[in-house]
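Here's a quick tour of some ring packing and the nonpolar core. Have a look at the model first.

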Amino acid sequence: MTDWKNHLVFSLVLFIIWFKFTMNDWDAWKVFVVFILSSFLSVFPDIDKPNTKVRRVIALCLSLCFAVFFMLRFNFTYVVFAIFLYFLIRFFPTRHRTVTHTMFFAFNLSILLCILLLFAGFNFIETSLAFCILFLSYISHLILDKQLKR
């Protein structure tokens with residue numbers, strides 16, 4: 001069984017190859033955003049595994065992102081939502097290799113992130129290319145785990 005480090009390294013190799021052929025003329029911040037999302041998606045399927053480092057880190061990162069977003073957009077009272085989100089992700093009971101280990105989930109999460117990229121200023125072509133690497137990063141986890149479910 002592969003661990004989170006193997007998934008990250010494989011995703012990094014995919015990203016470097018993808019970057020070499022498609023993202024040479026992109027802005028540095030766009031490359032950075034896609035790299036972070038790609039790395040994130042390469043370990044995301046294991047969020048359903050209780051008491052793991054991946055789940056703790058993802059819960060913390062997502063709740064911090066929401067906290068910063070809500071503080072910048074609205075006011076500080078919404079930080080309570082971010083704290084609730086952390087505990088929800090961290091301690092929600094799940095079974096390993098269920099919904100997060102499916103192609104359906106990989107596709108929909110990649111689409112959702114690409115919609116957010118459109119709002120962040122990516123054009124349609126950049127978003128389409130980002131979708132490809134994000135989706136590949138996610139399914140690389142499934143392939144490495146040999147758990148492609150239909």
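What follows covers the model's basis, its aromatic pairs and its core.

## Ground rules

This is a predicted model, where local features need pLDDT of at least 70, side-chain atom pairs count only at pLDDT 80 or more, and totals for chains, interfaces and linings use all residues. Residues are numbered from 1 along each chain as its sequence is written, and side-chain values use heavy atoms, leaving out hydrogens and water.

## Rings

There are 11 aromatic pairs here (rings of Phe, Tyr and Trp, the last by its six-membered ring, with centres within 6.5 Å; planes under 30 degrees apart are stacked, over 60 edge-to-face, the rest tilted). Phe40 and Phe44 make a tilted pair, because their planes sit at 50 degrees, with centres 5.4 Å apart. Phe44 and Phe105 are stacked, since their planes are at 5 degrees and their centres 6.0 Å apart. That pair links distant parts of the chain, 61 residues apart: Phe44 is in the loop between α2 (28–43) and α3 (53–73), Phe105 in helix α5 (residues 103–119). Helices are DSSP runs of H or I, at least four residues, numbered from the N terminus.

Phe44 is buried at 10% relative accessible area, while Phe105 is partly exposed at 24% (buried is under 20%, exposed over 50%, partly exposed in between; 1.4 Å probe, protein chains only). Phe40, Phe44, Phe105 and Tyr138 form one aromatic cluster.

## Core

The largest nonpolar core has 31 residues, and Val34, Leu41 and Phe44 touch the most other members. Such a core is a set of buried Ala, Val, Leu, Ile, Met, Phe, Trp, Tyr and Cys residues joined through side-chain atoms within 4.5 Å. Helix α6 gives the most to this core, with 8 residues.

Terms used
Helix = DSSP H or I, 4+ residues; strand = E, 2+ residues; numbered from the N terminus.
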